[in-house]
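Please open the model in a viewer and keep the selection tool at hand. The stops below are given in the order in which they may be selected.

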Amino acid sequence: MRITLLGTTACADYLDKESFDIITPEQVWQDPKLINGVMVNLYDGLNLEDFNYWYRDAWRLQNASSMSDEAQGSFQKDPLFDNGNATYTYEDALFEQKFSDRYKNIRNCNDFIYQLQEATALSDSEKKLLLAESRFLRAMHYFTLVKRYGGVPLIDEPQQYDPNNLEALMVPRNKEVEIYDFIVKECQEAAQDLPETREAEAKYRANRYVALSLCSRAALYAGSIARYGTVQQEGLVGIPASEADRFFQTSYEASKAIITSGKYALYNNKPDNKAQNFCDMFLKGNGDNGEYIFQKQYNVAGGKGHDWDKRNAPFSYRAGGWGCGIAPTLELVEAYEYVDGSKGTLKLEENGKPLRFDDPYEVFANKDPRLFASVYLPGSPCQSTKIEWKRGVIENDNKRHVATSQPDGGNTVEINGVTYSTSGKDGGSDAGDASKTGFYQKKFWDETLTDMNMGKSETPWPVFRLGEIYLNLAEAAMELNKSSEALDAVNKIRERAGIALLSNINMERSVMNAEWNWHSKVIAS
């Protein structure tokens, strides 16, 4: 292990001093501050699928949402979107995370745990806490791996390189169930030694409920794989169906412990404005909102900003290129129910006749308030204006003039001596960078940001929050035939959202739809 500290010196002294000092591993483990500095690096190595999480080149705008049916990358410069029948081949560097990268970080955790046992500069209580943190971080790395690849090699201690015995480094894959068992065990044991809350200077580090949140999520994955998947390759992929209830029970108990602790609450600072309430929860400066259990913070001054706002700004708000980002699909918009609990399919006709609207925004009237907080719709207010997206101009029933380029490309048509724009200022054609779906990403987008350049965003990324835990509880409860508890958990979310409560519940419509909503990057319950 080598840590390089760059010093700041007066110009007059610069030539008289070394430009840097090399700190040896022995020195690190004799200084509690340096040991904690290593722990910071372990946190920094987590793969959290956050704002900067793009597959291959960031300009492709391919992430978990735009590679699914939730959204598409507006630039449309990848065959994945150009050809609906294309077969997608996963590369080793899936989402810019090589298989081997996780093991570099796992090795760092293993080495830290090993060195920690021998450290004399720390008290037993300090070592106990750091050990619990490092075990949680290692479990996070393994969860990143197992949910992509199934069973992977389980390495829980440092490996020693011996050029005469390379076979010792060639660890075979474990069964998928063994990896999930390892994650659950690490989380449960780490939770016992982690504090319920952290002091102010460590408030963004793992506590007991962070470890239990990973346990809740991972065990739910495992239970679902066991119940609805198949075992392949002698268990390297898949989990036996007999294990389903055990994992669901583990997820249920972890979720219950978090909820009943009373340490977190669903964010509801603006109960009279449900859309704004939901929007506010995900904005800059609002990470310490009482609902986030674990979050990633960003700091522009420290060189740790992100690009979400620049990459996702609607066309006319992008301030010099880029923008447009990932565009939500109509299918996602219609997944939001109406406030009365009816199905979310847009109501465009009545008694077989098309409805007419004075403003396109009226099309979405009475939809779930979370839609207006998560997606910019045609007519949505944004800063001091409105999102304007239109496909073209209808001259009469038989003649239509369609936009042919992006908004700054001169989409105009003259009809009876009057010049009209065939696109809105935020798009309407299949060409160019603007949204092709008619919608833009709103969730996480900071309308108050004045510096629209790369790396200037500081909105925190929620890794775990209480909204997910309620839904994890609901799904696990349904699988365990505890439907009344599932109903209560889902209704907690619906009540905060401002939509009709359910009188009964089933897995497909009430729980799985809510779970899908949570895991989506564009929408969250």
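The tour begins with confidence, then turns to one helix and to several salt bridges.

This is a predicted model, in which local features need pLDDT of at least 70, side-chain atom pairs count only at pLDDT 80 or more, and totals for chains, interfaces and linings use all residues. Residues are numbered from 1 along each chain as its sequence is written, and side-chain values use heavy atoms, with hydrogens and water left out.

**Confidence**

Colour the chain by pLDDT, the predictor's confidence in each residue, from 0 to 100. The chain average is 88, and 87% of the residues score at least 70. Select residues 1-12, where the pLDDT is below 50; beyond near neighbours in sequence, this stretch has 24 contacts in the model (contact: heavy atoms within 4.5 Å). Next select residues 78-84, where pLDDT also stays under 50. For residues 78-84 the model has 13 contacts beyond four places in sequence. Where pLDDT is low, the predicted coordinates should not be read in detail.

**Helix H10**

Helices (H or I, at least four residues) and strands (E, at least two) are DSSP runs, numbered from the N terminus. Select residues 274-281, which form helix H10. Six of the eight residues of H10 are buried; buried means under 20% relative accessible area, exposed over 50%, and partly exposed in between (1.4 Å probe, protein chains only). Show the side chains of the buried residues: Ala275, Asn277, Phe278, Cys279, Asp280 and Met281.

**Salt bridges**

The structure holds 32 salt bridges, each defined as a side-chain nitrogen of Lys or Arg within 4 Å of a carboxyl oxygen of Asp or Glu.

Select aspartate 44 and lysine 304, whose closest N and O atoms are 3.4 Å apart in a salt bridge. Aspartate 44 belongs to helix H3 (residues 32-44) and lysine 304 to the loop between S4 and helix H11 (308-312), so this pair ties together parts that are 260 residues apart in sequence. Aspartate 44 is partly exposed at 48% relative accessible area, and lysine 304 is partly exposed at 45%.

Move to glutamate 49 and arginine 148, a salt bridge with its closest N and O atoms 3.2 Å apart. Glutamate 49 lies in the loop between H3 and strand S3 (71-73) and arginine 148 in helix H6 (residues 124-149), so parts 99 residues apart in sequence are tied together by the pair.

Finally, select Arg135, Arg138, Lys185, Glu186 and Glu189, which are linked in a network of salt bridges.
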